[in-house]
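Hi there,

Here is the structure we talked about handing over. Have a look, and my notes follow below.

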Amino acid sequence: MLTKSSTELVRQRNSVLVLSVLRRHGALAHTEISDFTGLSSATISAITADLERAQIIEKSEQQAASGRGRPRVLLRQRRDCGYLIVVIISSDAVQYSLVDYAGKLIDRFSEERSHDPSGAGRFMEGVRAGLSRILDRSRISQEKVLLISISSKGLVDSTEPVLLWSPIFGGDRIDFESALRPDWQAKVILDNETLLVAAALGAREEVVKGADFRSLAALSLGHSIGLGIVRRGGQTGQEVSAPNFGHMLHMAGGGLCRCGTRGCIEAYAGFYAILRSAFEVPLDTIPAKFVPVAELDKIAAKARQGHRTSAFAFRQAGLALGNGLSRMLSLTERMPIAITGPGTRYYDLLRQGIEEGLGQSHIVRMEGMAEIRIVPEEPILVFEGHLNRALSVIDQDIVVSGVQGGE
């Protein structure tokens, strides 16, 4: 026999299921929600009544295309139920986006990130100012912001919004929740940027392939090197992880990496590594923190014109990436690899090395070369990943607090 508490948990789980179906398919009629969720009509009626009473969803009418008959009654999220702020931290900028509860973008701006040696403290002053600015521009009260979703390259704590290490701040830890209190009461979450890319690609794949989707790896090429892996999960949905790929060992005692150790994949494949190799700078030279894409474009142009040292720099970068991917596939399974990031513009120069490195894997030799896709729109994927993750978190939280509060 179900206890009151277990009955409540089932009710909350079903409510979240209803909200997730509305997110995936848009506004739906009562019967469509029942079909997509597998829940009975009576259960859907009770759940949607609770959600509507709590002002989480609302009804709208859709007239039939013929213009005749009664209009269909559709259910959808209330846009003003609450708001999300997305903060994307990159090597040279910070982007702020304001999104409503239905997932609609309201406002967005970017600010150049100064390479100030004063570090994380000064940076967080800028973040607080940016958060205030995006609300001021839209005239939305701070209390209406339900969640702040932040992403960065680097190592992220798996349980708290703490950046443990990043190519921007090195070992300067940033606890975003502590840094934003007491000014902000919204929940704060933090994710590795390439994990969000993998999650977005996985969501796209599942729409296309359905139950046939198994797994996919997203490799981000740029100032730093990132990897995200998404696998089809069970009842809990997809499983996404972001192993510290860029700082896996490629060559013992090799080139100096931005992380302070030697021989990392990134020390051969990051933008600063390609620059260092092309100009035949000693491998123990302290890496540049930021290399403009225009500088890499010049090296690439020379490589395409037949300049051997420039071409070798890209081939060496590709080999480091391919070797790393071959080890990843040996530890997981053969899966498609989506290459994203600004480095995709040099794939023609990296390809030979990547395929050579991948070919050294036993699983590739046995089962064939992994499918490689070039997906250049990384910023779009990062934002999609934010929305998928953050709005799911908001739905979970709002069902517990909002529905109960509306009863």
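Helix 13 supplies six residues to the lining of the second largest pocket, the largest share. Helices here are DSSP runs of H or I with at least four residues, strands are E runs of at least two, and both are numbered from the N terminus. A pocket is an open set of points on a 1 Å grid over the protein atoms alone, where a 1.4 Å probe fits, with protein on both sides within 12 Å along at least five of seven lines; lining residues have an atom within 4 Å of a point.

Before going on: this is a predicted model, with local features needing pLDDT of at least 70 and side-chain atom pairs pLDDT 80 or more, while totals for chains, interfaces and linings use all residues. Residues are numbered from 1 along each chain as its sequence is written, and side-chain values use heavy atoms, without hydrogens and water.

In total, 28 residues line that pocket, with Ser90, Asp92, Glu193, Glu378 and Pro379 nearest its centre.

Now the rings. Phe271, Phe314 and Tyr346 are linked by ring pairs into a cluster. Phenylalanine 271 is buried at 2% relative accessible area (under 20%; over 50% is exposed, in between partly exposed; 1.4 Å probe, protein chains only), and tyrosine 346 is buried too, at 1%.

Best wishes

Technical notes. Rings of Phe, Tyr and Trp (its six-membered ring) pair if their centres lie within 6.5 Å; planes under 30 degrees apart count as stacked, over 60 as edge-to-face and the rest as tilted.
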